[in-house]
Amino acid sequence: MKILFLILGFIFLGIGIIGIYLPLLPATPFLLLATYCFARGSKKFNDYFMSTKLYKENIEPIKNKTGMTRERKMKILMMITFFLALSFYFVNNLHARITLLLVLIFHYIYFIFKVKTIKE
């Protein structure tokens, strides 16, 4: 069973890393799943993953409910907006464009109202 959790942990980690760069794929839930699977699969992998920059920047603020700086939130939202605008430009399907706009609106609502803003 531990091997299954390790395999799932690496799969979720890979999807989470891809999700950092693709705005349509949320990174945080997959990184949280990877954390859970590593904790169940191997203490060694869990300790290593928790010591990485990826974990400390993306999961730890959520886990500890400490929030993000305004600059970090702005950087994330600008990157999301850029990639969604690029996708919007290249997609010539009304339903896909509506979905892209809804995803963009959801991201803004989430980061403005749900993620606490902290001072640096």
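Is I11 buried, partly exposed or exposed? I11 counts as partly exposed because its relative accessibility is 43%, where buried means under 20% relative accessible area, exposed means over 50%, and partly exposed lies in between, with a 1.4 Å probe and protein chains only. I11 belongs to helix α1, and although I11 and C37 are 26 residues apart in sequence, their C-alpha atoms are 9.9 Å apart in space.

The structure is a predicted model, in which local features need pLDDT of at least 70 and side-chain atom pairs count only at pLDDT 80 or more, while totals for chains, interfaces and linings use all residues. Residues are numbered from 1 along each chain as its sequence is written, and side-chain values use heavy atoms, with hydrogens and water left out.

**The chain as a whole**

Seven helices and two strands make up the secondary structure of the chain, and read from the N terminus the order of elements is α-α-α-α-α-β-α-α-β. These elements are DSSP runs numbered from the N terminus, with helices being H or I of at least four residues and strands being E of at least two. The C-alpha trace spans about 45 × 35 × 20 Å along its principal axes. Of the 120 residues in the chain, 32% are buried.

Contact here means heavy atoms within 4.5 Å, and among contacts between residues at least 6 apart in sequence, 62% join residues at least 24 apart. The accessible surface of the chain comes to about 8,600 Å², and 71% of that surface belongs to carbon and sulfur atoms; accessible areas come from the Shrake-Rupley method with a 1.4 Å probe, and for residues only the protein chains shown count as cover. The chain carries 16 positive and 5 negative charges, whose mean positions are 7 Å apart. In that count Lys and Arg are positive and Asp and Glu negative, with His and the chain ends left out, and each charge is placed at NZ of Lys, CZ of Arg, CG of Asp or CD of Glu.

**The largest pocket**

The largest pocket holds about 890 Å³ of space. Its lining consists of 34 residues, and those closest to the centre of the pocket are A27, T28, N58, I76 and F111. Two or more lining residues come from each of α1 (2-21), α2 (27-41), α4 (53-58), α5 (60-63), α6 (70-90) and α7 (94-114), and α6 gives the largest share, six residues. A pocket is an open set of points on a 1 Å grid over the protein atoms alone, with protein on both sides within 12 Å along at least five of seven lines, and lining residues have an atom within 4 Å of a point. Grid points are joined across faces, edges and corners, and the volume is the space filled by probe spheres set on the points.

**From α5 to the end of the chain**

P61 is part of helix α5 and counts as buried because its relative accessibility is 15%. Leaving aside residues up to four places away in sequence, P61 touches K56, T66 and G67. P61 and K116 are 55 residues apart in sequence, with a C-alpha separation of 9.5 Å.

T66 sits in the loop between α5 and β1 and, at 36% relative accessibility, is partly exposed. K119 lies in the segment after β2 (117-118) and is exposed, with a relative accessible area of 80%.

The table sets out C-alpha separations for two further pairs.

| Pair | Separation along the chain | C-alpha separation |
|---|---|---|
| K119 and G16 | 103 residues | 27 Å |
| T66 and G9 | 57 residues | 25 Å |

Technical notes. 1 Å grid on protein atoms, 1.4 Å probe; cavity = no way out; pocket = protein on both sides within 12 Å on 5 of 7 lines; lining within 4 Å.
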